[in-house]
Amino acid sequence: MARYKREMYYEDGNTVRRYEAYPESPRRRREDYPQEERTSRRRNVSYEGAARKAEESKGFDLKYTAVLVFMLLMVVASCVVMITVQTEVDAKEKKIDSLRESIQNIEADNAAYENKLDSMYSLEDIYSIATGELGMVYSQNGQIIYYEQENGDYVKQYNDVPKTVD
């Protein structure tokens, strides 16, 4: 049957070629080696060196483990810090929202009081109180004196206002 496989044809693309058979190399079994050769091979292998190399190749020595634990602690600490900062930010945002709402309520109350004050007295009521109760009168021509200001901010009065303008 092995002979049949060697002479087998196969198709590669559009051409047919003949399968080239290579002679199989004989495999040596353990029993084929002489006893002396088996023991000398075994002596050349250093089991202690192999164990040491296997131990070193693990990669989990004390330094590596310490660095790994340190990095893990740093990640956990940064996550804890981030969560606490985020909760503080959320709390402050809620406080800001409540303060904005209270400002809006106060502004609405202020506008309501202002409307109430504006509608409390009309101009006729103010005129009647000023002329009737307080004895005020309208100014007549010549009673109003205009001053020129050097600074537009304020006016200081050092003397009484003169009765006549020269």
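So, the nonpolar patch: α5 gives the most to it, with three residues. Helices here are DSSP runs of H or I with at least four residues, strands are E runs of at least two, and both are numbered from the N terminus. The patch itself is Leu117, Met120, Tyr121, Leu123, Ile126, Ile129, Leu134 and Met136, together about 870 Å² of accessible area on the surface. Areas are Shrake-Rupley with a 1.4 Å probe, and for residues only the protein chains shown count as cover. At least two patch residues each come from α4 (62-120) and α5 (123-133).

Quick caveat: this is a predicted model, where local features need pLDDT of at least 70 and side-chain atom pairs need 80 or more, while totals for chains, interfaces and linings use all residues. Numbering runs from 1 along each chain as its sequence is written, and side-chain values use heavy atoms, leaving out hydrogens and water.

Patch rules: residues have over 30% relative accessible area and no salt bridge, with like charges joined within 9 Å and nonpolar side chains (Val, Leu, Ile, Met, Phe, Trp, Tyr) within 5 Å. A salt bridge means a Lys or Arg side-chain nitrogen within 4 Å of an Asp or Glu carboxyl oxygen.

Take leucine 123, which sits in helix α5. Why does leucine 123 count as exposed? Because its relative accessibility is 72%, and the cut-offs are under 20% for buried, over 50% for exposed, partly exposed in between.

There's a negative patch too: Asp90, Glu93, Asp97 and Glu101. Aspartate 90 lies in helix α4 and counts as partly exposed because its relative accessibility is 33%.

Zooming out, the chain has five helices and two strands, running α-β-β-α-α-α-α from the N terminus. Buried residues are 2% of the 166.

Last, confidence: pLDDT, the predictor's per-residue confidence from 0 to 100, averages 77 over the chain. Helix α1 (residues 2-6) is lowest at a mean of 51, and α4 highest at 94.

Technical notes. Buried means under 20% relative accessible area, exposed over 50%, partly exposed in between (1.4 Å probe, protein chains only). Lys and Arg count as positive and Asp and Glu as negative; His and the chain ends are not counted. The place of a charge is taken as NZ of Lys, CZ of Arg, CG of Asp or CD of Glu.
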